[in-house]
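Please take a moment to look over the model below before reading on.

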Amino acid sequence: MRTRRLGNTDLELTVIGLGTWAIGGSWQFGWGPQDDADSIRTILAAIDGGINWIDTAPIYGCGHSESIVGLALRELREKPLIATKCGLLWNDKREKINCLDHDSIIKECEDSLKRLGVDVIDLYQMHWPQPEAQLEEAWEAMATLVQQGKVRNIGASNFTVEQLQRVVAIYPPASLQPPYSMLRRDIEEGMIDYCGQNSIGIVAYSPMQKGLLTGKFSAEHMRTLAADDHRLNDPNFDGEKFQKNLSIIESLRPIAERNGKTVAQLAIAWVLRKEEITAAIVGARKQSQIEETVQAGDWILSDEEIEEISRILE
Ligand SMILES: NC(=O)c1ccc[n+]([C@@H]2O[C@H](COP(=O)([O-])OP(=O)(O)OC[C@H]3O[C@@H](n4cnc5c(N)ncnc54)[C@H](OP(=O)(O)O)[C@@H]3O)[C@@H](O)[C@H]2O)c1
């Protein structure tokens, strides 16, 4: 699979990274029950399919996603690069708590290293810049972790340009992890240019808009979701917005089909059309899903196809 250099770092990332939110299983923002054996098969299939990096976070299943990634790593002779995050803790109801205290970040890193079973984390990202007043305090803690050799590079997630500018002077961010898909294009308003001009890599999350852009969703499919699947409360999957999204997807389907591809592969290839996007973080919870989506890594859309998609998205 194609690779791209992450910002100013020495990390060569495959243009698809495996996202492991859904394999965390149940918590406040979970995706319903998940079979751990399926998760491990999915991770191994991702690596087998040429993916060289995995994105996870402590909050995904309150430690569970990182532990499952750790179990899968033990089965691999050649280890993929690991990206995880900090800044979100949880309470005993498995609800998230934003925390950017210096000492908490240092402890979170120790806990992640243990769960993952690794000596160093390749990319350590601040999950959310909240509480915002502690942005600098937390970034300084992350820079300390680099000096201590516990993490190789630090990155931001869900930041604005102004928030990136606040941390640059403390320690250069290797990357930004923002949402980006055909249905969520906020970063086109200045963020992509800022990152490109400042050598900050972009690792885009939810490229299939949480599975919506696979083309499998309908009112009937919604009824099959587990009662604790957070997508039941996501406006993209509800009411008029949902109907509008479905109609966009039906217009995209012929473009995928005439190339012998799927809507999911089209959605990922579209995210990767811009050089500034280092990689798309593609979520999967079953082996068959990643075996399908990994093939999008080498699909380069033509200018005509990009133009046709722009007209549909307008
Ligand atoms: N930094 C942040 O705040 C943040 C936020 C969101 C995500 N992320 C990261 O980005 C990753 C990817 O985003 P995401 O998981 O939200 O969304 P995504 O990649 O757009 O969608 C992933 C989901 O789509 C479904 N799917 C995947 N492949 C499929 C296929 N071939 N056919 C049918 N369905 C398929 C699966 O769910 P079902 O089978 O249940 O439909 C899967 O969990 C996350 O795992 C996480 O690592 C980070």
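Helices (H or I, at least four residues) and strands (E, at least two) are taken here as DSSP runs, numbered from the N terminus. By that rule the protein contains 11 helices and 12 strands. The model is a predicted one, in which local features need pLDDT of at least 70 and side-chain atom pairs count only at pLDDT 80 or more, while totals for chains, interfaces and linings use all residues. Residues are numbered from 1 along each chain as its sequence is written, and side-chain values use heavy atoms, with hydrogens and water left out.

The overall form can be described in several ways. Along its principal axes, the C-alpha trace of the protein spans about 50 × 40 × 40 Å. The radius of gyration is taken over C-alpha atoms, and the globule rule used for comparison is 2.2 Å times the number of residues to the power 0.38. For 314 residues a compact globule would have a value near 20 Å, and the 19 Å of the protein agrees with this. Buried residues, meaning those under 20% relative accessible area (1.4 Å probe, protein chains only), make up 55% of the 314 residues. Of the contacts (heavy atoms within 4.5 Å) with a separation of 6 or more, 74% are between residues 24 or more positions apart.

Which residues are the closest to the ligand? They are D55, S206, K216, R231 and G283, and 30 residues surround the ligand in total, a residue being counted if one of its heavy atoms lies within 4 Å. The elements that give two or more residues to the shell are β12 (277-283) and α10 (287-293). By residue class, the shell divides into 10 nonpolar, 13 polar and 7 charged residues, where Ala, Val, Leu, Ile, Met, Phe, Trp, Tyr, Cys and Pro count as nonpolar, Asp, Glu, Lys and Arg as charged, and the others, Gly among them, as polar.

Finally, consider S104, which has its place in helix α3 (residues 102-116). Is S104 buried or exposed? S104 is buried, because its relative accessible area is 16%. Leaving aside residues up to four places away in sequence, S104 touches L89 and C99.

Note on methods:
Buried < 20%, exposed > 50% of the residue type's maximum accessible area, 1.4 Å probe, protein only.
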